Amino acid sequence: MRIATLLLITLLSSNSSHAFEVSENFWETGQAVFHVGISGSSPTGGTWNDAFKRSMAAWSDVSVFDFVALDDYIDPCISRGEGLFGDESTGVDFGATVCGSEFGENTLAITLTAGQCLNPQCTGGFSITDADIIFNSSETWDVYTGPLRFDGTSEFERVALHELGHALGLNHSNENSAIMRAFVSDTSSLQSDDIAGVSSIYGGIDVVQETTIANIYGVTLVAPDNAIISGPNNSNNLSGTLSSSDNQLDGKSLDLYQYTFENDSLIDIQLDSQAFDPFLYLVRVSATQASIPSFTFVDDNSGPSNNARITENIQAGTYWLGVSSASNNGQGSYEVAIISNTRNPPSSFETFTSVYGVDVLVNPNSNIDGSLSSTDFKFNDKFLDLVQIEVLTTSTVKVELSSSAFDTSLLLVDIINNEVGSLALQNDDGGSGTNSRLDTTLSPGTYWLGITSFNASESGDYDIAITLVIP
Ligand SMILES: [Zn+2]
């Protein structure tokens with residue numbers, strides 16, 4: 001059984017005070033393909049098609065939902081008639097009528113949705129399989145942003161945004177500034193209420209805060225606001241756009257994000273784009289931002305439709321996720337979905353036994369939780385843990401060692417041919433209280449950090465934070 005709804009944008013006002021409203025209808029696939037082939041251009045704002053596609057992208061960019069534009073024309077009224085709603089091909093056009101029915105007074109546009117009932121009683125909404133949008137051709141239309149002009153011209157792009165919101169399954173919002181408010185206003189872009197609405201149906205994406213955390217080798221590194229992944233089951237999404245102003249790697253645009261997996265994980269990362277052939281990098285970096293080749297992964301086409309996908313067991317640690325294209329000049333919007341499941345045991349790091357008989361932890365994370373214990377190697381009657389770091393570029397390294405269990409002491413030595421070289425730094429109470437701190441500039445090479453106590457035979461938990469400043 002098929003049912004259909006009509007949703008209008010009108011100039012009628014509404015007085016209640018709550019915000020977005022969702023219908024019970026939604027696209028089970030989380031995706032809708034629109035055939036966008038409206039002929040002609042607006043008087044001042046470019047083609048209708050470009051404005052419509054921008055509106056589709058605006059919704060896609062703030063949600064997991066995907067609008068996909070196809071550059072061909074489908075009559076939005078095709079196959080329609082009594083009992084024939086739902087041709088499962090979405091179209092958009094101007095029309096003098098709503099597929100033969102009169103537009104209501106002051107109605108600028110209409111979205112028709114149709115689909116399959118979700119249960120035999122056809123209660124609780126339907127699974128949308130078709131949505132078509134008809135703009136009232138008796139109106140005068142233009143495309144522009146900002147406040148409405150009072151010359152009787154209707155503005156196409158904000159109405160397209162509104163109608164696409166209905167196509168997604170949103171009803172009218174009573175939030176005054178929302179695009180989904182029942183009547184057009186000075187609002188010409190999606191507002192937080194609109195984004196909350198679509199997110200409530202399909203799941204939101206964490207809009208990436210463009211916080212530049214480092215500029216490394218000429219590449220800007222961004223930390224998304226959901227960048228710490230601790231498990232046991234995590235799902236993270238982000239969206240972005242490759243553009244010509246991005247960092248360039250081998251002639252291709254590159255967006256670089258930093259994620260921290262707090263536990264060893266089985267990860268499944270998918271990079272999708274309708275605009276370019278995606279190419280995905282995942283590179284583990286050590287506390288000193290040296291890449292670790294044994295945990296560097298790249299993929300071009302393992303996902304569906306030439307999308308990129310990396311499925312791997314990875315160690316806990318800090319990773320750079322690189323979004324690029326397989327060919328030069330690939331640009332446009334993309335979406336990244338990260339699914340991670342924590343594996344047991346929760347953490348494993350490479351270690352080796354040095355010529356001095358002490359185990360050395362290699363390539364640690366920036367933050368280490370450890371403990372001195374009676375089974376540790378003993379050096380001058382004090383327990384000792386060793387951590388090996390690599391420095392690739394002359395860098396200022398700050399190391400903070402703190403413990404509430406013992407009076408810490410921190411050592412830093414350089415390593416040449418697996419043996420301690422001439423550099424030997426030590427700090428006892430450079431941090432707060434009895435904590436230790438070293439702040440020094442290191443040239444490229446291999447170094448050991450020694451974690452020990454000031455007094456003999458002390459033990460207990462400690463934390464290390466390693467910060468690297470690259471000039
Ligand atoms: Zn409406």
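The questions and answers that follow treat these topics in turn.

User: How many helices and strands does the chain have?
Analyst: This is a predicted model, in which local features need pLDDT of at least 70, side-chain atom pairs count only at pLDDT 80 or more, and totals for chains, interfaces and linings use all residues. Residues are numbered from 1 along each chain as its sequence is written, and side-chain values use heavy atoms, with hydrogens and water left out. Helices (H or I, at least four residues) and strands (E, at least two) are DSSP runs, numbered from the N terminus. The chain has three helices and 31 strands.

User: Which residue in E3 is the bridge partner of His-35?
Analyst: Strands pair if DSSP finds at least two bridges between them. Strand E2 (residues 31-35) and strand E3 (residues 66-70) run parallel and are joined by five bridges. In E3, the partner of His-35 is Leu-70.

User: How many residues apart in sequence are the parts that the pair of Trp-48 and Phe-156 ties together?
Analyst: Rings of Phe, Tyr and Trp (its six-membered ring) pair if their centres lie within 6.5 Å; planes under 30 degrees apart count as stacked, over 60 as edge-to-face and the rest as tilted. The search of the whole structure finds 17 aromatic pairs. Trp-48 and Phe-156 form a tilted pair, 5.0 Å centre to centre with 50 degrees between the planes. Because Trp-48 lies in helix H1 and Phe-156 in helix H2 (residues 156-168), the parts tied together are apart in sequence by 108 residues.
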